[in-house]
Amino acid sequence: MDSNVRPETMARITTAELANAFIDEQVASVRKQVGDKKVLLALSGGVDSSVVAALLIKAIGKQLVCVHVNHGLMRKGESEQVIEVFRNQLDANLIYVDATDRFLDKLAGVADPETKRKIIGNEFIVVFDEEARKLEGISFLAQGTIYPDILESDGVKAHHNVGGLPEEMQFELVEPVKLLYKDEVRVVGKALGLPTKMVDRQPFPGPGLGVRCLGAITRDRLNALREADAILREEFDKNGLALKVWQYFIAVPDMKSVGVKDGKRYEGWPAIIRAVNTTDAMTATIEEIPYPLLHHITDRITHEVDGINRVLLDLTPKPIGTIEWE
Ligand code: XMP
């Protein structure tokens, strides 16, 4: 694809045939760009970086080195899944770094959303850079940048995957899906043979649960958020909503309300359910969730998650609410 082609005028990738043509084009262009050199990829496990990883594994095999940084803000079971799919099933070169303590220590006491994002983005680069320096002969850096990342790097939110790399990181970029929208990335991922579960996974922001554990992050509230989020995902999966709703998650604010449990006062945080539909994340509408399911989710979260004593539903479209709370 000509890099000057603007997505607005390009034919959208909606079928396996179109995806295959795109893959062939990108495989050829990546091979031409990279030659026999090595490429480094930060593999978050999200749809975008996973599809880029699969595309590059197809194009250049073990010349690709994937680094998965667990910043401690992943959803439940996510880092484990990255290791399972990429190391065990796809036989990728994968380096796993558990940097949980480093991130959470840096974030302690920081309440401002943009400062949190910057800390997470910067620390990610420091950790990633440390790993890169341990490796020899890397010439390229692959990124799962997609078109909305470029459109939205306009100061609304500091998306750390756009323009965030330090000058001294002397890598040429490989960005094979940068002109695609999210839904097209999924079609390409399926054509590449990635597990459906991984390709249909909802988008997950780079700063992860960090922008959903609102205000200053504490380990106990982060754990409560992670557990509540896992219950929401499990129930959406079971009840056929996972494929109908584009993005759904829990946010937990830094405030407590009074409740009662086993006849005693029980102060806890509220878990806020957000479930939105969109095609490009620029605007979003609210998906209706059946009331019986909402009651069931509320029951499970309040009984199974330590520290949560209320469940709320966010009915705000974008605009005016952004999809994430921070
Ligand atoms: P907002 O909240 O801006 O989100 O309506 C639009 C989409 O972008 C995701 N998002 C992010 N992705 N880094 C990312 O990689 C970020 O800092 C970030 N903030 C929001 C969000 O989950 C939604 O899909």
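Biologist: Which residues does I146 touch, not counting residues up to four places away in sequence?

Modeller: This is a predicted model. I146 sits in the loop between β4 (138-142) and α6. At 4% relative accessibility it falls under the 20% cut-off and counts as buried. Not counting residues up to four places away in sequence, I146 touches D48, V177, K178, L180, K182 and V185.

Biologist: How far apart in space are I146 and K178, C-alpha to C-alpha?

Modeller: K178 is among the residues that I146 touches. The two are 32 residues apart in sequence. From C-alpha to C-alpha, the separation of I146 and K178 is 4.1 Å.

Biologist: Is L151 buried, exposed or partly exposed?

Modeller: L151 is placed in helix α6 (residues 147-151). Leaving aside neighbours within four places in sequence, L151 is in contact with Y181 and M282.

Biologist: How far apart in space are L151 and R201?

Modeller: Along the sequence, L151 and R201 are 50 residues apart. In space, C-alpha to C-alpha, the distance between L151 and R201 is 22 Å.

Biologist: Why is α2 described as largely enclosed by the rest of the structure?

Modeller: Helix α2 covers residues 47-60 and has 14 residues. The buried ones include V47, D48, S49 and S50 at one end of the list and A59 and I60 at the other. α2 is largely enclosed by the rest of the structure because the number of its 14 residues that are buried is twelve.

Biologist: What distance does α2 reach from its first C-alpha to its last?

Modeller: At 1.5 Å a residue, the expected value for α2 is 20 Å. The model comes close to that, with a reach from first C-alpha to last of 20 Å.

Biologist: Which residue just after α2 takes a positive phi?

Modeller: The helix itself runs over residues 47-60. Just after α2, a positive phi of about 50 degrees is taken by G61.

Biologist: What is the C-alpha separation of G189 and S50?

Modeller: G189 is found in helix α7 (residues 182-191) and is buried, with a relative accessible area of 0%. S50 is one of the buried residues of α2. Leaving aside neighbours within four places in sequence, G189 is in contact with V51, L194 and V199. G189 and S50 are 139 residues apart along the chain, and their C-alpha atoms are separated by 8.1 Å.

Biologist: Is α9 roughly parallel or roughly antiparallel to α10?

Modeller: The axes of α9 and α10 come within 10 Å and cross at roughly 150 degrees. An angle over 145 degrees counts as roughly antiparallel, so α9 is, relative to α10, roughly antiparallel.

Biologist: By class, how many nonpolar, polar and charged residues does the contact of α9 with α10 have?

Modeller: α9 passes α10 in a right-handed crossing. The contact is made by A228, I231, L232, E234, E235, F236 and K238 of α9 and L293, H296, I297, R300, I301 and E304 of α10. By class, this contact has seven nonpolar, one polar and five charged residues.

Biologist: Which elements do the buried residues of α10 pack against?

Modeller: In α10, the residues L293, L294, I297, R300, I301 and T302 are buried. L293, I297, R300 and I301 are also among the residues in the contact with α9. The buried residues of α10 pack against α9 (219-238), β6 (247-251), β7 (260-261), β9 (269-277) and β11 (308-313).

Biologist: By class, what does the contact of α4 with α5 have?

Modeller: The axes of helix α4 (residues 100-107) and helix α5 (residues 113-134) come within 10 Å and cross at roughly 150 degrees, in a right-handed crossing. From α4 the contact includes R102 and F103, and from α5 it includes K116 and I119. By class, the contact of α4 with α5 has seven nonpolar, no polar and five charged residues.

Biologist: Is D262 buried or exposed?

Modeller: D262 lies in the loop between β7 and β8 (264-265). Its phi is near 50 degrees, a positive value in a residue other than glycine. The relative accessible area of D262 is 71%, and values over 50% count as exposed.

Biologist: What is the omega of the peptide bond from K318 to P319?

Modeller: P319 is found in the segment after β11. The peptide bond from K318 to P319 is cis, with omega near -15 degrees.

Key
Residues numbered from 1 in each chain as written. Predicted model: local features only at pLDDT ≥ 70, side-chain atom pairs only at ≥ 80, totals over all residues. Heavy atoms only, no water. Helix = DSSP H or I, 4+ residues; strand = E, 2+ residues; numbered from the N terminus. Expected span 1.5 Å × (residues − 1). Buried < 20%, exposed > 50% of the residue type's maximum accessible area, 1.4 Å probe, protein only. Contact = heavy atoms within 4.5 Å. Axes fitted to C-alpha atoms, helices over the stretch in contact; angles between N-to-C directions. Parallel < 35°, antiparallel > 145°, perpendicular 65-115°, else oblique. Left-handed = near helix turned anticlockwise from the far one by under 90°. Nonpolar A, V, L, I, M, F, W, Y, C, P; charged D, E, K, R; others polar.
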